[in-house]
Structures are given as C-alpha cells and as structure tokens.
Amino acid sequence: MRAREEDIARVTADPIPGRSLVTKRAVRNLVRTAVLSVYGISGFADKGPAGRLLQRLGLAHPGMRIEVEPDLVVDLRLTVAYGLPIAEVARQVESSVRYTLRHALGREPDLVSIRIGRLVHERGLAPSPESPSGAEPGPSDLAASGTDVA
C-alpha cells in the first residue's frame, strides 16, 4: 500500500511542458511483460514462504526489484525451464528489458542484474535421451523416422 501512496503523491496536478512522469508501478509492469515474453522463462522466483506471503498481501513483488532514482536499476530473480541454455535465456531477458524500457521511456537502464533462482522441469520439455556413443544409425532407424530418403 505504501508504494502506491508514494506513486500517487509524486503525480503532479500541474503539467510540466516537455516532460513525462512515469510511476515505478508502470516501470514494473513494463519489465514484467518484457521478461515473461522471453522463451524459456517460467516466471519469477520468490524468496520462500515469507516472499509468497508478502506477495499475497500486496507488499512485495518477488523476483523483481526496481530502483528509478538516481539510476534506473533492474534486479531480477527468475525461474528458467530445464534443458535450455541459461546464458542465452539470460541474454534474451536482458535484451528484452533494455529494448522495452528504451522504447517506452526513452531511457536505457543503467544496470540489469539477472539471477536464476531455480530451474523448472515442465511437462513436454523432457530432454532427449542420448544415443549410445559410437552407435551408427541403421536401416531400422531410418525406417522408424518416417522419412522417404534412403
């Protein structure tokens, strides 16, 4: 509740020519949308039972910390799908967040920090079993593949 009161208190009734005021809540929503649009992100990682309780009470946003003054800093704690290259997913998240904030606010974030809180194995994304080393594909493998190439 307090964060919302602070956002409302900062909104001025008198417009200032040539300037825009963006609340911290709006920046948080932009970042959330940018992060969740990246393939391989399952969600935000919380900090245990206390974090879940604070989230339900509306007092915290687990997995995301944003500072807007004096520098724009985005600190993320994410859940990634098991079996994907974590470094590439993190690069895509950073790129998405930077692009979204630059496009919406006209301001580049000074720091984007990404931590992987946990890996989640989702149904349907099971890693493929490795073939035995040195095993060459045989005629039965080609027939079982469903292709017409011999």
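In this predicted model, Leu53, Leu54, Leu57 and Leu59 together make a nonpolar surface patch of about 400 Å². One of these residues, Leu54, lies in helix H3, which spans residues 49–57, and Leu54 counts as partly exposed because its relative accessibility is 36%, a value between the 20% and 50% limits that separate buried from exposed residues.

The charged side chains form eight salt bridges. In one of them Arg65 pairs with Glu67, their closest N and O atoms lying 2.2 Å apart; Glu67 has a relative accessible area of 32% and is therefore partly exposed, and Arg65, at 40%, is partly exposed as well. Arg65 also forms a salt bridge with Asp75, with 3.7 Å between the closest N and O atoms. Since Arg65 belongs to strand S2 (residues 64–67) and Asp75 to strand S3 (residues 73–81), this pair ties together parts that are 10 residues apart in sequence. Asp75 is buried, with a relative accessible area of 12%.

A further salt bridge links Arg102 to Glu108, the closest N and O atoms being 2.7 Å apart; Arg102 is partly exposed at 42% relative accessible area, and Glu108 is partly exposed at 33%. Through salt bridges that share partners, Arg65, Glu67, Asp75 and Arg115 are joined into one network.

As for confidence, the protein averages a pLDDT of 78, and 66% of the residues score at least 70. Where pLDDT is low, the predicted coordinates should not be read in detail.

Key: Residues numbered from 1 in each chain as written. Predicted model: local features only at pLDDT ≥ 70, side-chain atom pairs only at ≥ 80, totals over all residues. Heavy atoms only, no water. Patch = residues over 30% accessible without salt bridge, like charges linked within 9 Å, V, L, I, M, F, W, Y side chains within 5 Å. Areas by Shrake-Rupley, 256 points an atom, 1.4 Å probe, with all protein chains shown as cover. Salt bridge = Lys/Arg side-chain N within 4 Å of Asp/Glu carboxyl O. Helix = DSSP H or I, 4+ residues; strand = E, 2+ residues; numbered from the N terminus. Buried < 20%, exposed > 50% of the residue type's maximum accessible area, 1.4 Å probe, protein only. pLDDT = per-residue confidence, 0-100.
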